[in-house]
Amino acid sequence: MIREDEFASAAATGNVEHVGMLLQDGVDVNAVNRFGRTPLQVMMMGNTAVARLLLENGANPNVSDHSTGTTPLHDAAREGFLDTVKLLIQFQADISVKDYRSRRPIDLAQENGHLNVVYFLESL
Amino acid sequence: MAQDAAVQYEPVAEIGGGAYGTVYKARDRQSGQFVALKSVRVQTDQDGLPLSTVREVALLKRLEQFDHPNVVKLMDVCATLRTDHETKVTLVFEHVDQDLKTYLDKAPSPGLPASQIQDLMQQLMCGLAFLHSNCIIHRDLKPENILVTSRGQVKLADFGLARIYSCHMALTPVVVTLWYRAPEVLLQSTYATPVDIWSTGCIFAEMFRRKPLFCGESEVDQLGKIFEVIGLPTEEDWPTDVTLSQRNFSPFSNRPITDFVPEISHQGADLLLEMLTFDPLRRISALNALDHLYFQEG
């Protein structure tokens, strides 16, 4: 497995130790895997430790999925992971960005009944 | 079966490999949601898919009708003809972006409150009782395939695949964790649904300890670590169909389980010991565990 794939897989499975090791080895935090996605885009959304590690090392929170236009903030909001939503915003994720169907992160949180995320995003 | 998985589901990362084939995190282009794609290559002839595969897939699809809250949904099954002799069967499962390992790791010190552990255990047992009543043995329960939604709903994943895979694939040697494995599996004796109860017992203890209960490095080492906690089984309890002898292990002084799982309640400790019973026939079942007094504590 090439390193970019390994990196994305470590983020997607929430393997904090492995993500940290690869970062220490100097792998580019914004490099895409063979599916064209960065680790932040595919990470286990509920894993705030991985999210923090990637963001602190310069992961771009505003990269959008080339087939749906969704950003990591859209995904975290849709899944209802408030801690990750807060972290992404702390690292300058754009809350007004729209996916290809013109939905903002708050719209996805609303659609899926994650009221805590809706209230938080409204309060900003 | 639908014909083309590649159009509707786009893989974004590999999230599992090894003996069972590759697992991908993918995006459903229609809903925008993440799913888990699990593929297996099956040898086919003029009659199409082997009956055993069709049967196993049918069993998994039948489970869907119950819409059980504590198992992941099987959303779709796709078959793609690869060559004249090989078909790729792809199972599309609901994907939850948090596992129990992550959930336990991120709980603030000193760990999960007792009421939350009780709730997680109850959901886990409900999922397990459902699988077992449908004659499905999970075989590989561990914190990585017990998923927890952002609302705290537990969903078991990766069940029912072992038989589909083992029928049709040369098992590639991969490192699989021994830590949640039941003694009868480690001893290569016959096994059934009680193996999942054992794994769940290990996970129950881990919720309190915030680290695994038995961290063996080989089968024998794993058994040694188990006996250190539950005591060495008697020779009468030792299975007769195994090569490893009971005399290979030294007897340990029986220490109370609360030495190893300090924060657990009296009823919790009682249930835990019922789950970590050496003899699989005397180990508590998922249904009986749900009736245990531990779940009435509050």
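Predicted model: local features only at pLDDT ≥ 70, side-chain atom pairs only at ≥ 80, totals over all residues.
Chain A is divided into domain 1, residues 1-60, and domain 2, residues 65-124. Taken over C-alpha atoms, the centres of these two domains of chain A are separated by 20 Å. Contact between them involves 13 residues of domain 1 of chain A and 12 residues of domain 2 of chain A. About 1,100 Å² is buried between the two domains of chain A, and 69% of that area is on carbon and sulfur atoms. On the domain 1 side, the residues of chain A that lose the most area to domain 2 are A:Arg37, A:Met45 and A:Leu55, which together account for 46% of what that side buries.

I turn now to the interface of the two chains. Here 30 residues of chain A are in contact with 22 residues of chain B. Chain A and chain B bury about 2,300 Å² between them, with 45% of it on carbon and sulfur atoms. Which three residues supply more of the area that chain A buries against chain B than any other three? They are A:Phe35, A:Met44 and A:Phe81, and their share is 20%. Across this interface of chain A and chain B, the rule finds four salt bridges. A:Arg34 forms a salt bridge with B:Glu14, and in that pair the closest N and O atoms are 2.7 Å apart.

Next, chain B itself. Its division is into domain 1, residues 5-94, and domain 2, residues 98-296. The C-alpha centres of these two domains of chain B lie 27 Å apart.

Two packed helices are described by the angle between their axes and the distance between the axes. For helix α7 of chain B, residues 194-209, and helix α9 of chain B, residues 266-275, the axes come within 8 Å and cross at roughly 145°. The crossing of α7(B) and α9(B) is left-handed. From α7(B), the residues that meet the partner helix are B:Ile197, B:Trp198, B:Thr200, B:Gly201, B:Phe204 and B:Ala205. From α9(B), they are B:Gly268, B:Leu271, B:Leu272 and B:Met275. By class, the residues of this contact comprise seven nonpolar, three polar and no charged.

Finally, some remarks on the backbone. Most residues other than glycine have a negative phi, and most peptide bonds are trans. Where does this model depart from that pattern? A cis peptide bond joins B:Ser109 and B:Pro110, with omega of about 5°. B:Pro110 is found in the loop between α3 (100-106) and α4 (114-133) of chain B. In chain A, A:Ser102 is not a glycine, yet its phi is positive, about 60°. The loop that holds A:Ser102 runs between α6 (82-90) and α7 (105-111) of chain A. In chain B, the phi of B:Asp158 is also positive, near 65°. B:Asp158 has its place in the loop between β7 (154-156) and α5 (162-168) of chain B.

Notes:
Residues numbered from 1 in each chain as written. Chains lettered and ligands numbered in written order. Heavy atoms only, no water. Axes fitted to C-alpha atoms, helices over the stretch in contact; angles between N-to-C directions. Helix = DSSP H or I, 4+ residues; strand = E, 2+ residues; numbered from the N terminus. Left-handed = near helix turned anticlockwise from the far one by under 90°. Contact = heavy atoms within 4.5 Å. Nonpolar A, V, L, I, M, F, W, Y, C, P; charged D, E, K, R; others polar. Domains from an automatic or database assignment. Buried area = accessible area lost by both parts, 1.4 Å probe. Salt bridge = Lys/Arg side-chain N within 4 Å of Asp/Glu carboxyl O.
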